[in-house]
Amino acid sequence: MRPRLLFSAAIVLAMMAWAIRPAGQTAAGPERFTVQSEGHPMAVWARFPETPRGVVLLLHGRTWSSRPDFDLQVPGLERSVMASLAARGFAAYALDMRGYGETPRDKTGWLTPRRAAADAINVVNWVAARHSALPRPALVGWSRGAMVGMLAAQVVPARVSALVLFGFAFDPDLEFVDVPAPDKPLELKNTPAAATSDFISPAVTPRAMVDAFVAQAMKADPILADLKNDVEFNALEPSRVNVPTLVLFGARDPGVPMADAGKFFAALATGDKQMIVLPGSDHAAQIEDTHDAWIASVVNFLTRPAARR
């Protein structure tokens, strides 16, 4: 039996949240809130319809924050995940994790998996309180954000209605290994090359979209966040996932081998699960020409009819 690292329930119980809507927000852009997580200010973005039918919390990936990942603005193209979800009746919230976007680093300068998951739980609680008449929020994570979302869902399954794991699956028989961290955070500069690295499918990645992503990603995240303690991801257990789960990835995503995805999917404890592979797309399917298919996959899963006798 390989060792596992588990969260303490005290982390969840100790967290309190409040929100402020800053002045000067434009009607065209997303709303911005500040949510306190154990005294640390977390930037949360939102787009929602007048009368939402459901709630989603989006968790970004390793390199870039929520605005470029989930609210990308491309002239002549609709590539904002948040806007598309809102147009389909969902209140869409997106969290900037510590050290990303408009959320500052904490005094340590580092972000760990446990810390990220605890913050996500805090924001889930805050979002749920804002929409108490609706079903519990669904967690939708991309890549490393999917890992964080899965950790959170394992800890507080009763607080989420569904889990969408986008661009992430792993062989449950393998372990995550830790990379030795330097004594201090490096705070390296991000690069345009890093912003283009996920786009490996020319047929679905128009130049206007790539250019827009590079510009908006570099503006939102000029400095790379510093991460450590990835061994904490060994707490991920498909056999402990008991919430409805969608595993979603692009057919050309190099980080999700089909064999690993099938093994991971089979190991999920929940009987309410689906796996969807988007043809032609890679690791950034939500903002490529597969955007509509990605949105349809998520919305159809969240609105699927319940089984009836």
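Helix α4 (113-130) has 18 residues, which at 1.5 Å a residue should span 26 Å, and its end C-alpha atoms are 26 Å apart, so the two values agree. The expected span of a helix is 1.5 Å times one less than its number of residues. Helices (H or I, at least four residues) and strands (E, at least two) are DSSP runs, numbered from the N terminus. Of the 18 residues of α4, 13 are buried, so the helix is largely enclosed by the rest of the structure. Buried means under 20% relative accessible area, exposed means over 50%, and partly exposed lies in between (1.4 Å probe, protein chains only).

The model is predicted: local features need pLDDT of at least 70, side-chain atom pairs count only at pLDDT 80 or more, and totals for chains, interfaces and linings use all residues. Residues are numbered from 1 along each chain as its sequence is written, and side-chain values use heavy atoms, with hydrogens and water left out.

Helix α5 (residues 144-155) has 12 residues and reaches 17 Å from its first C-alpha to its last, close to the 16 Å expected. Because 11 of its 12 residues are buried, α5 is largely enclosed by the rest of the structure. Among the buried residues of α5 are R144, M147, V148 and L151. What do the buried residues of α5 pack against? They pack against β4 (54-59), α4, β8 (138-142), β9 and α8 (258-267). Contact here means heavy atoms within 4.5 Å.

A search of the whole structure finds 2 cavities of 30 Å³ or more. On a 1 Å grid over the protein atoms alone, a cavity is a set of points where a 1.4 Å probe fits but cannot get out, and lining residues have an atom within 4 Å of a point. Grid points are joined across faces, edges and corners, and a volume is the space filled by probe spheres set on the points.

The largest cavity has a volume of about 70 Å³. It is lined by 13 residues, of which M97, L111, A116, R144 and V148 lie nearest its centre. The elements that give two or more residues to this lining are α4 and α5, and α5 supplies the largest share, 3 residues. By class, the lining of the largest cavity has 8 nonpolar, 4 polar and 1 charged residues. Ala, Val, Leu, Ile, Met, Phe, Trp, Tyr, Cys and Pro count as nonpolar, Asp, Glu, Lys and Arg as charged, and the others, Gly among them, as polar.

The second largest cavity holds about 30 Å³ of space. Its lining includes R98, R105, W110, L111 and D226. By class, that lining has 3 nonpolar, 2 polar and 4 charged residues.

H60 lies in the loop between β4 and α2 (66-70). Is H60 buried or exposed? At 1% relative accessibility, H60 counts as buried. A polar atom of its side chain lies 3.1 Å from the backbone oxygen of W64. Leaving aside neighbours within four places in sequence, H60 is in contact with residues including D69, M97, W142 and R144.

Two loop residues remain. Most residues other than glycine have a negative phi. E38, which is not a glycine, has a positive phi of about 50 degrees. E38 is found in the loop between β2 (31-37) and β3 (40-47), and at 41% relative accessibility it counts as partly exposed. Phi of E187 is near 50 degrees, again a positive value in a residue other than glycine. E187 is placed in the loop between β9 (162-166) and α6 (192-196), and at 47% relative accessibility E187 counts as partly exposed.

How values were computed: 1 Å grid on protein atoms, 1.4 Å probe; cavity = no way out; pocket = protein on both sides within 12 Å on 5 of 7 lines; lining within 4 Å. Polar contact = N/O pair within 3.5 Å; in protein donor to acceptor, adjacent residues only side chain to side chain.
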